[in-house]
Number of protein chains: 2
Amino acid sequence: MTTELSHGEMGANIAASLRESILAGRYKPGERIKPAELTEQYRASRIPVRDALRLLESEGLVTSVANTGAWVATLSVDDLTELYLVREHLEPLLLRMNVPLMSDDNIDELQQLADAMELSDDVERFLRLDREFHLSALRHAHTSMLSNTVLGLWNRTQHYRREATRQFFTGHDRSVHHDHHLIVNALRHRDEEEAEHVLRRHIRRSRLELSRHPEIFAAT
Amino acid sequence: MTTELSHGEMGANIAASLRESILAGRYKPGERIKPAELTEQYRASRIPVRDALRLLESEGLVTSVANTGAWVATLSVDDLTELYLVREHLEPLLLRMNVPLMSDDNIDELQQLADAMELSDDVERFLRLDREFHLSALRHAHTSMLSNTVLGLWNRTQHYRREATRQFFTGHDRSVHHDHHLIVNALRHRDEEEAEHVLRRHIRRSRLELSRHPEIFAAT
DNA sequence: TTTGCTCTGATTGTATGTAATCTGCCCTAG
DNA sequence: CTAGGGCAGATTACATACAATCAGAGCAAA
């Protein structure tokens, strides 16, 4: 569905579309992005496409080299664990700030997401629910910069989370779901301390798990 | 001094120069940036200038509105305290990662910076030394993302740190220097825990101080 | 006097053309 | 057969031209 666009947001729209494609996995890390394809796909000139690529580059989703080209960004093991380390220190803080701002209905929705996740046996569905669970618990505080930073961390690590989920989905690790329910319970009791703590350990566990499994990067 | 530039870094160079001007205070928050001036100043066309502005926008130093113009970014009290809150959680972590990588010479240099800062009675000199002290304690770990994030936090808050220093420089608050020496001592003993903790409290005190003095924003 | 509209000048977004740079292949020398 | 240099093709950075949008001045009506 193409909506009417006003002058000046064509670059942003191309970026949004490309971002969505990258996050959905239709573009994979290391894959080359050809501006020519985008210009004809969006019926735009090279300049909005260029703007879009530079925007995504600033978000860390694209890497470009002068006079050479642009690729979907790749992460090394060290990069990935570094991003998780930052997440581990920022996201629990943001969650804490959200606790007093969430309604009971918001918490009910989180509960439903956690339940649905537990029953899900499809990787993509699990990923979507997991992302929705975490991000919707963070969007109530109007902290533009902290929120954007955390969102960026999620986006940059999205592909590797997908890969890890694919490889370990069969392993019946219940701790993830356990954490989610612990978080929901903490939210119900408005226990900021507990929510922050559980989320920090939750992310920390993911980080250690990832650093223990470098084979996730084999697909590169 | 103009060095020979290769094709493809003109935008980055304009951005670097503009960034330096903003950090030095030659551009003030809210001040309009006129692309026409930059094009003739750098003998470049509008496109590299545009690239530079978009790059600085992604760093949070510039705010631009479509079809309207670009200004040096301004921060509200809430924005500023939010940035300090993030700094408070990331910078001590980064410092900790640096501790085992610093040489005795590095620590000596920090000691000299702390001493010089204590004797300095000029605002600009103090600012330069303070920035140098903190950033040079962080540049040993090759953590591209975390380092860049922290550097960005310093840059975005630079002007308000200058303003706060101007207004409170006479107040003989020794705690800042005390913290710096505590940090140097912790580094000498390779006490990561202590270094991290002192820096966290150091930033936290600055944050609370700023939130208590909204008059810093009067000059806007 | 104040409020609202219109129009104009200025400024930016977009399109196209030109020049510089890089990658990969091919050829040659060892 | 291998390694190094150079050439060609492709791709991007930069310059210029044009179209769309916005802000403010000026005027008219209440």
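## The surface near DNA strand C

By class, the surface near DNA strand C in this predicted model consists of six nonpolar, nine polar and six charged residues. In this classification Ala, Val, Leu, Ile, Met, Phe, Trp, Tyr, Cys and Pro count as nonpolar, Asp, Glu, Lys and Arg as charged, and the others, Gly among them, as polar. DNA strand C is surrounded by 21 residues, of which A:Ser45, A:Arg46, B:His7, B:Arg46 and B:Arg50 are the closest. A residue is near a strand if one of its heavy atoms lies within 4 Å of it. Of the atoms of DNA strand C within 4 Å of the protein, 70% belong to sugar or phosphate, and the rest belong to bases.

Several polar contacts can be described here, a polar contact being a pair of N or O atoms within 3.5 Å; within protein, one atom must be able to donate a hydrogen and the other to accept it, and residues adjacent in sequence count only if both atoms are side-chain atoms. An N or O atom in the side chain of B:Arg46 is 2.8 Å from a base oxygen of DNA strand C. Backbone atoms take part as well: a backbone N or O atom of A:Gly8 lies 3.4 Å from a sugar or linking oxygen of DNA strand C, and a polar backbone atom of B:Asn67 is 3.3 Å from a sugar or linking oxygen of DNA strand C. Two elements give two or more residues to this surface, namely helix H3 (46–58) of chain A and helix H3 (46–58) of chain B. The largest share, three residues, comes from H3(A). Helices (H or I, at least four residues) and strands (E, at least two) are DSSP runs, numbered from the N terminus.

## The surface near DNA strand D

Around DNA strand D there are 21 residues, and A:His7, A:Arg46, A:Arg50, B:Met10 and B:Ser45 come nearest. Of the atoms of DNA strand D within 4 Å of the protein, 80% belong to sugar or phosphate and the rest to bases. The surface near DNA strand D divides into six nonpolar, nine polar and six charged residues.

Phosphate oxygens of DNA strand D lie 2.7 Å from a polar side-chain atom of A:Arg50 and 2.6 Å from a backbone N or O atom of B:Ser45.

## The annotated domain

The unreviewed UniProt entry carries the annotation "domain: HTH gntR-type" for residues 8–75 of chain A. UniProt positions are given in the numbering used here, feature names are shortened, and annotations may be inferred rather than shown by experiment. This span is 51% helix and 15% strand, and its end C-alpha atoms lie 32 Å apart.

## The interface between chains A and B

In this interface, 23 residues of chain A are in contact (heavy atoms within 4.5 Å) with 23 residues of chain B. The area buried between the two chains is about 2,000 Å², of which carbon and sulfur atoms give 64%. Buried area is the accessible area (1.4 Å probe) that two parts lose on being put together, summed over both. In chain A, the residues that lose the most area to chain B are A:Glu82, A:His89 and A:Met145, together 28% of what that side buries.

Between chain A and chain B there are three salt bridges, a salt bridge being a side-chain nitrogen of Lys or Arg within 4 Å of a carboxyl oxygen of Asp or Glu. A:Arg50 forms a salt bridge with B:Asp51, with the closest N and O atoms 2.3 Å apart. On the side of chain A that touches chain B, H3, helix H4 (77–98) and helix H7 (144–168) each supply at least two residues, and the largest share, nine residues, comes from H4(A). The residues of that side comprise ten nonpolar, seven polar and six charged.

## Salt bridges in the whole structure

Over all chains, 37 salt bridges are found. In one of them, the side chains of A:Arg207 and A:Glu88 meet at 2.7 Å, N to O. A:Arg207 lies in helix H9 (residues 192–212) of chain A and A:Glu88 in helix H4 of chain A, so the pair ties together parts that are 119 residues apart in sequence.

## Conventions

Residues are numbered from 1 along each chain as its sequence is written, while chains are lettered from A and ligands numbered from 1 in the order in which they are written. In this predicted model, local features need pLDDT of at least 70, side-chain atom pairs count only at pLDDT 80 or more, and totals for chains, interfaces and linings use all residues; side-chain values use heavy atoms, with hydrogens and water left out.
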